[in-house]
Amino acid sequence: QVSGSSSKGRPREEMSVQCKAGRAARARGTAGRLVKVSALGTRTVVTTPAPSSMNREHREKLERTIANSLVHTLSQEHMSVASTVVPWYLRGFPSIYFNSVAESTRLAHLKGLAALNGIHQQSSDTDVSLSLTSKSDEPHLQDVTVIATDCRPGTLHRALKALRSPLESGELRRAQVYSSSDHTLSLTIFTYGTSTDEYQAATLDDAEALLSQLSSTASDGFKDDTLFDFVSACSPSYLRNLSHRRYVRERRLFESVRGSEGADVLFSPDAKDADRMWLSMAAANVSPEVLLTKVTELLAVRGLNVLRMNFDLIRDDQGSVGSKPGSVSMISFLISPMGDEVSASDLESPFWQELARNLRRIKWLDQATLDLALSTCPEMGLDRAEILTALCSMLHGPLSKLNPFAFSRPNLRGIVGNPYYSGYASDIADLFRTSFNPETGKPADFDDQVRKLQERIRALSNESARTVLLKMVDAVKQTKRTNLFVPNRCALALRVDADLMITADQESPFGVFFVHGENFDGFHNRFQNIARGGLRIVTPNSSDQFGIESARCYDEVYGLSRAQQLKNKDIPEGGAKAVVLVNVTSASAEERYHVMRTSVKAFTDCLLDLIVTTAATRKHVVDGLGFDELVYLGPDEQVVPEDIDWIIGQAAKRGYPIPAAFMSSKPLAGINHKEYGVTSEGIAVFLEEALRETGVDPREQPYTIKITGGPDGDVAGNLMRILFRDHGKNVCVVGVADGSGVAEDPTGLDHSELMRLFREALPIGHFAPSKLSPKGSLHLVGNEEGVRMRNSMHNRIKSDVFVPAGGRPNTIHDENWHEFLDSTGTPSSPLIVEGANIFLTAGARQGLFEKGKVMIVKDSSANKCGVITSSFEICASMLLEQSEFLEIKEELVQDVLHRLRELARLEANLMFREYRNYPGSLPQFSERISVAINRADAAIRGFLADMERGDEVYRSLLPLFTEQHLPQKLSEKAAGQVDRIPLDYLRNAFASCLSSKLVYREGINFIESQPLDSIAQLSLRYFSAEKNLEGLLEKVGGSNSLADADREQVMRLLRRGGVRSLLRVF
């Protein structure tokens, strides 16, 4: 393929020449005609007359004559071209080209150069490029060579953007750029392989030339016993052409990034020309094409011409992601500045320092940032562009509530890139940068700068631009910390006031973190300083859906964390949630997994930037908060054990206190939620108590159930297992829907088949049709009908109970809840137990209760046991070493499961008791229980703020934590090591124990009726009176003066009202 473009910007034309076309024309007898060909001028295509006009012999003679003439002419032209091109080729390319490129490949290049020369001579003002595809000199690899007459800055970048792999699922393995000495031609060789190719490791034989250089020079600074490991990580072609000088540079870079996600850069002078320099770069675990495209665009915009380049992949087993081996992309550029304002010899100049900083960051920058900084507004720079694209992403949700069309993500970015407003946007970014520069600190006149900037923006006539830019100024004002100046950061993170993100009628959270990265945006929202909640990954499948999820991402994390706050009433930590919205819309299946893992790493590492207290990090962060923060995460949707291990390991490296507590559900020293079904154990208790409330004893009577969430899911699969365990054949599962489809059967889906899918971690789409009754059916989502049946299952199928144990938030919402009712107003299920978080909106719950009399056990009650387990696990990680934990793990897990069922039953009994005795819906009572406990908890925490270790209050309350809160085995093993737990955490623990005890024992109204300022003292008196009551009960129980029945009745009455009587509180 040959392509040409005018240096004056004429459109590029492409031409493909196929020999078959000429033969086909002769066979048809087409008349001669003139054909226009790009860059070749006009040529005449001569064809013979039709067969009917002459005899066969005459035609063949004429064809031979013409053919001989054409062969002679072409031969003469080729000889002329070859006599010019070959000497120029041998003189013009560097010796490294002839040493590195195989002879067969060089011959193909020479033929291409000859063809290109002939074409270019016809139109010297047109830049022409030619692409050649050939086998590489290494097995199973293929080369694509691009030869171009355009040698200006950006040539390599344009070639990369137009490049297509010659192999299906091809991966770039190597690239080489060579420029002719007269700067008239560049030659780039891209070498491709596939992910299925067996890795070809180099041997010491491949490194023979390098080893001989190493043996004759001084020490290179690396240990001799590591050389073989390095050699085996390289490809043979890389080592065969590696000079000693290049080895030292690139080995140093490799060692600095291996086993990490980082990037590093080195500049070094060119020994042959002071106007040139070598730029060497290493980046771990990044797509080679993406990295090269980004880097070459930056170099082009900075006016740097690439004269030579070597790109290679080096294997890095320490950086593997899933089943894919890790790799380090190693690049060396020989570059030359275009113009006199930049000197290649002054490496300490601001130009080169900024370039180095940008190159270290560029693998983490998203395309929107690069487009803004390098194309739309080149004068803006990468730092400003990153700040502005991050603000656009963070504020998309709040602004879209004002006008979802005017404030879409593209429109927000369009405003900051608009020439009319980009100056204002740059000033906002500068205000952000100066406010958080650790060398200068927040400027004294910050408020004055804000006021003046706001006045200028308010003068704008465009309302949309005015609204967006003013909101961005608010974001700068309400940012308390950022990692903007933290070296080697993976993304841009902000700790902001929650008021920036919420509406006036919403309860204000304690704080919000936002992180903007290459392929993701993430929020962490929490309602207390010490808070716990899961980290989930959201991966929309289309660009349109990504835009929708972006607008509601904070709303989702707010709703989930508020539900978590209500749910966390039994534990020391308040409610929190993290959602990482990952853009995988253009990723392959293999790339998708890698992008998700990388996004989780970047998100959590940036959280650590803002919360670790080590001097190495804090010196780069201007603190607008004034206090330390502890964040505790747990696994949620799409988080895998690989993520958990990495997060905990990184927390340890970064100096986070008790790193094992940063993330729960660790594969070894943790309690895996799916393995033990901890969330589902609690749901099963609420389900059983709710069925009893409707008059069904599930251990004695049959009932029907439908479930969203597949048998391979944590909650749904374990719930089926537990129900089959506890209720046996009484359970009739009439429908199960998940991402793969829906299986439904009015006679009940086969238990053994569902458990097979559970054990094999398979979705419902793998349900064996042979296991269905004649009335059953299986619908897959591969067609419209399957999607419709899956999406409507929870509304269509009649059952005694519906458990949403999977599905997107707000699936049943204010606008569609009526679809759960039939034409007579009868619900498809009279009972809903919410196993999934916020599957129903508050309005939908109330509508179903009022119109359909549906009993709904709210998510903050039903699925609370997962987070309780995580809290117990974190306590264990604070109290025990990993080896100690593993010694008691199985006994501890059984104690935890017992405690979970106990806590679930305590709340279920209170909730249904209140529901029977007072007006209101179950969700209202569920929320009132949580609010009552949290209200008391806040009051007690305030009272305990001054408590110190060893004081009277501490000593009196410690048994409440060690003997009543902790699982029995953990208490036995580690009660004497409580001093390992941070004091703030213990204050929270004491408060949560007292508040939940009060509410579960005495009910909602008791706490609601107490003045807030008296609750703390009341709780302490209650705990003391309870201990006195225990002594009294022991005496009554041991008395022989009462009949057994009377004694039991007295003891029951004492348990029910004894403490209140002792306190004289009624």
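Domain bounds in this report come from an automatic or database domain assignment.

The structure is a predicted model, in which local features need pLDDT of at least 70 and side-chain atom pairs count only at pLDDT 80 or more, while totals for chains, interfaces and linings use all residues. Residues are numbered from 1 along each chain as its sequence is written, and side-chain values use heavy atoms, with hydrogens and water left out.

**The chain as a whole**

The secondary structure comes to 37 helices and 26 strands, where helices (H or I, at least four residues) and strands (E, at least two) are DSSP runs numbered from the N terminus. Of the 1066 residues, 55% count as buried, a term that stands for under 20% relative accessible area, with exposed over 50% and partly exposed in between (1.4 Å probe, protein chains only). Contact is taken as heavy atoms within 4.5 Å, and among the contacts with a separation of 6 or more, 71% join residues 24 or more positions apart.

**Cavities**

A cavity is, on a 1 Å grid over the protein atoms alone, a set of points where a 1.4 Å probe fits but cannot get out, and its lining residues have an atom within 4 Å of a point. Grid points are joined across faces, edges and corners, and a volume is the space filled by probe spheres set on the points. By this rule there are four cavities of 30 Å³ or more, and the largest cavity holds about 150 Å³ of space. Its lining is made up of 19 residues, of which Arg 152, Thr 155, Leu 156, Asn 305 and Val 306 are the closest to its centre. Two or more lining residues come from each of α5 (155-162), β7 (170-179), β8 (186-194), α10 (288-301) and β11 (304-321), and β11 gives the most, with four residues. Because domain 1 (89-193) and domain 2 (204-364) both give residues to this lining, the largest cavity lies between them.

**Cysteines**

Taking a disulfide as a pair of cysteine sulfur atoms within 2.5 Å, the structure holds zero disulfides. The sulfur of Cys 377 is 12 Å from the closest cysteine sulfur, in Cys 392, and that is too far for a bond. Cys 377 counts as buried at 2% relative accessibility, and Cys 732 is buried as well, with a relative accessible area of 17%.

**Two helical residues**

Leu 691 is found in helix α23 (residues 678-693) and, at 1% relative accessibility, counts as buried. Leaving aside neighbours within four places in sequence, Leu 691 is in contact with Val 696, Pro 698, Tyr 703 and Leu 831; Leu 831 is 140 residues away from Leu 691 in sequence, yet the two are 8.1 Å apart in space, C-alpha to C-alpha. Asp 645 lies in helix α21 (residues 641-654) and is partly exposed, with a relative accessible area of 46%. Asp 645 and Arg 692 are 47 residues apart along the chain, and their C-alpha atoms are separated by 42 Å.

Notes
1 Å grid on protein atoms, 1.4 Å probe; cavity = no way out; pocket = protein on both sides within 12 Å on 5 of 7 lines; lining within 4 Å.
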